[in-house]
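Me: Hi! I have a structure open here and would like to chat through it with you.

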Amino acid sequence: MIGELLFMGGNPVYILEPLVRTVVTAVLAGLMHRRTGALFGLMAMQVVSLAGFTISAGLGLLPQLSFTPTLTGLLTGVALPAAILVLCLQEWNAGRRARAAQ
Amino acid sequence: MNAWQTFWTGIDPGHGAAFVAGVIAAIVVPLMPGGSRYPADRWAMTLLGVAGAVHIALPLNHPGPPLLAAGFVVSGLVYGILAYFVYVGRAWRVATLVVVPLTLIAYLVVVIGGREEADQIGVATALVEITAGGLAQRGIRGLRVLGNIGTALIVVVFGAVVWIATFVAHEAGEASPSGPSVSSGHTHERLARTQAGVIMRPWPGAAHPTVEQERAAGALAASTSSAVQRFVKIEDALKAGYHWPLGKHTGPDVHLENEAYKKDGRVLDPERPEMLVYAVGSGRAVLLGVVYVMERAGEPGPAPGGPITRWHAHNLCVSLMPPGVGIVTPYGGCPALSLTGTIPEMMHVWVVKNPAGPFAEGIDRPWALAYLRDHGRPASA
């Protein structure tokens, strides 16, 4: 978050959104084992990340822009949110099975 | 450059074997039967296995002294042993928390010392190791909060140091008269492989320009300088269709764009440069140079001066909330709710005696401001 702020020219306006995202992620991650809503919220955030990456790739089709895929970009923009999404789905399935068994 | 070429540009050819080994480890290690059933442990095992495979494979086609190769192999074996310890359920956390920072520090020392160019493999492997370290501290009592803060700090500091070291090395290469050529480090093409804010195509030819290329570069600089004399007064540039950038009307490198010239189908035309660069301040302005811009993103610009006339592009983050533009981080990311894209290639030609040379990618700010003070003309901006 702080790193991203630095790369946006140090403009403090950009602290707000990453700060909110970090806090919301931490809160949702802490609640995900107890509340299904938190689990869905976490999954929704990963879907937004993946959608952003997809839109950026699509914008690369415009003549004024090209898309630059990098290894680190794929790790942080695709692999990481996809892995969190998979883990959340596993958690959701485990919860469903546990509730069905009761 | 298409997307595939751009992807490979970020990977040092000497790290190709390490990339393949890392990908194979990332596929094979999680599929190993048995071991811990806890997802966090299995992730840690995979990450440590990937780090081990990358380190062990690095010396295969990586030029360097035997001591460096031995260091890679030893650190790779240590990571492999730690992955094995996770697999069999032996203590691995404390050792991981020792090994990861040591590896990162060693990498930074090599990068800062100029003996290694930071590339996508180096930064990605560091990310893998930092994540493994983050998972390791989770299981240690009393370290959770402190460990999380430490992990976040390591991410920030490592990324910032790599980025700054890369830019400093690149700038030093540009300014050094003993370098092989302006903007061409050839085997160590700083900035080409971190792909954080600046995208440079690797130069495939000889590092040193031929006599013809030197002559062509000189001719381009001279014709550019001659052609833009009509824009010495900034008001004349504005009358010719150049416009101010959004929100920035003063500074040592104010870029004025001409939208008509940007889509006129002309490339590298001294009579119609797509941008003009002025130093502006205290009611004065002075023309410093031009920027030639390609019309379409991804198209390589012509290089009549060979390694002297290098083009570059920028990969940017365009934020929607709040609206603004920044550059992509060394981790390939942008702030949330922002999109990323790479704009068309561009090349600066300075029409003043820029100490870094007529084709340098930037100009020293104090030098430009001093030049403005000594040579600036009254401007109405």
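Me: Which residues form a disulfide, and how far apart are their sulfur atoms?
Reply: C317(B) and C334(B) form it, with sulfur atoms 2.0 Å apart; a disulfide here is a pair of cysteine sulfur atoms within 2.5 Å. This is a predicted model, where local features need pLDDT of at least 70, side-chain atom pairs count only at pLDDT 80 or more, and totals for chains, interfaces and linings use all residues. Residues are numbered from 1 along each chain as its sequence is written, chains are lettered from A in the order in which they are written, and side-chain values use heavy atoms, leaving out hydrogens and water.

Me: What handedness does the link of C317(B) and C334(B) have?
Reply: Left-handed, with -85° about the S-S bond.

Me: Are C317(B) and C334(B) buried or exposed?
Reply: Both C317(B) and C334(B) are buried, meaning under 20% relative accessible area with a 1.4 Å probe, protein chains only.

Me: Switching topic: how many residues does each of chain B and chain A bring to the contact?
Reply: Chain B brings 45 residues and chain A brings 30 residues, where contact means heavy atoms within 4.5 Å.

Me: And what area is buried between chain B and chain A?
Reply: About 3,000 Å², with carbon and sulfur atoms giving 71% of it. Buried area is the accessible area (1.4 Å probe) that two parts lose on being put together, summed over both. On chain B's side, F7(B), P335(B) and L339(B) supply 16% of the area buried against chain A, more than any other three residues.

Me: How many salt bridges are there across the interface of chain B and chain A?
Reply: The rule, a side-chain nitrogen of Lys or Arg within 4 Å of a carboxyl oxygen of Asp or Glu, finds zero salt bridges there.

Key: Buried < 20%, exposed > 50% of the residue type's maximum accessible area, 1.4 Å probe, protein only.
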